[in-house]
Amino acid sequence: MRRSIAPQLPPRRRAHVFRLAALGLLLAGLLMGQATTAASSRPTLGLALGSGGANGLAHIAVLQVLDELEIVPDRIAGTSIGAVIGGLYAAGLSADEILDIFDDVAGSPLDALSGLAGSELDLTDLLQLGLGDGGLFDSGGFLRFLAGHTQARTFDDLAIPLSVVATDYWSGDSVVIEAGRLFPAIEASMAVPGLFKPVPRGEQLLIDGGTSNPLPYDLLLDDMDLVIAVDVSGGRHPESDPVPGIADLLFKTFSIMQQSLIRQGLAHRRPHLYIKPEATGVRLLHFNRIHEILAQAAPAADELRDQLTIWLAIQADAALP
């Protein structure tokens, strides 16, 4: 009698194999459901990059997988740090080039946000005296630093269509920006309340998109055949996180709100692939811990690589006569 090898696999590996098998059935069903499309067309892929402060550097690990597999998203939707990294990627920068940008300014948490390294700015350009403008920091230096690495200035200049999510302070509604000037849209999307000042836009006053839609995969589901959502909202770990001070309480409360919104969204409608990289011991402004963040994101990136490899194999089989 033939003996099954499944019980010999470690439990975690066995669960991973079963997940991949289930994913293969799901992706096969998705492709079979595309029978109404032209035979020459290919399945489309949408990428949603979520809000999460420095945890969002894990998005780079996801983009490295796409570059490795030579997969180019058809659309990107990003909120806050997801809009920052998604905007650079949509402008044509590779994952490694984006990594180099953040690596160059990883000397301190403030350097990474302000773009002070290698510039003529100093700390007084970043810090504001008081909160009269609604924020402790001015994100202008950071955005000028980013803009120096790409020629893209408007959404029309992008190689990949991009949706940037912000929130209107007055109405509380999510605001999706897909046209006009690129970096003011990114500035609005990352305007964390109390940290960065709100951004006026007509009659609107825009703040961080994470307050209304921290993981904007819903913008892609109706148009894309496969949607990947990358959740970098993090978590809290009593066994490893320090006792929170006032700053941690403020920013982690913001994170709790985002996680609640994401759970509600997932209960209503899920993306095809949901990726949540580990984020232990990382605070909102810990951009200087980029390599630690990427190391923690490696298992999630490996899982995504396996999933997309199956997707590519199914596409190849479907294309055979």
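Start with E97. E97 has a relative accessible area of 40%. Buried would need under 20%, and exposed would need over 50%, so E97 counts as partly exposed. Bear in mind that this is a predicted model.

Where does E97 sit? E97 belongs to helix α4, which covers residues 95-104.

Now look around E97 on the surface. A patch of negative charge gathers there, made of D67, D96, E97, D100, D103 and D104. Which element gives the most to this patch? Helix α4 does, with 5 residues.

Next, S233. Find the loop between β9 (226-230) and α9 (246-268); S233 is in that loop. Buried or exposed? S233 has 5% relative accessibility, so S233 counts as buried.

What does S233 touch? Leave out residues up to four places away in sequence, and the partners are S51, N55, S255, Q259, I262 and K276.

Step back to the whole protein. There are 10 helices and 10 strands. The protein has 321 residues, and buried ones make up 49% of them.

On contacts, take pairs at least 6 apart in sequence. Of those contacts, 76% join residues at least 24 apart.

Last, the surface. The protein exposes about 15,600 Å². Carbon and sulfur atoms supply 57% of that area.

How values were computed
Residues are numbered from 1 along each chain as its sequence is written. This is a predicted model: local features need pLDDT of at least 70, side-chain atom pairs count only at pLDDT 80 or more; totals for chains, interfaces and linings use all residues. Side-chain values use heavy atoms; hydrogens and water are left out. Patches are made of residues with over 30% relative accessible area and no salt bridge: like charges are joined within 9 Å, nonpolar side chains (Val, Leu, Ile, Met, Phe, Trp, Tyr) within 5 Å. Accessible areas come from the Shrake-Rupley method with a 1.4 Å probe; for residues, only the protein chains shown count as cover. A salt bridge is a side-chain nitrogen of Lys or Arg within 4 Å of a carboxyl oxygen of Asp or Glu. Lys and Arg count as positive and Asp and Glu as negative; His and the chain ends are not counted. The place of a charge is taken as NZ of Lys, CZ of Arg, CG of Asp or CD of Glu. Helices (H or I, at least four residues) and strands (E, at least two) are DSSP runs, numbered from the N terminus. Buried means under 20% relative accessible area, exposed over 50%, partly exposed in between (1.4 Å probe, protein chains only). Contact means heavy atoms within 4.5 Å.
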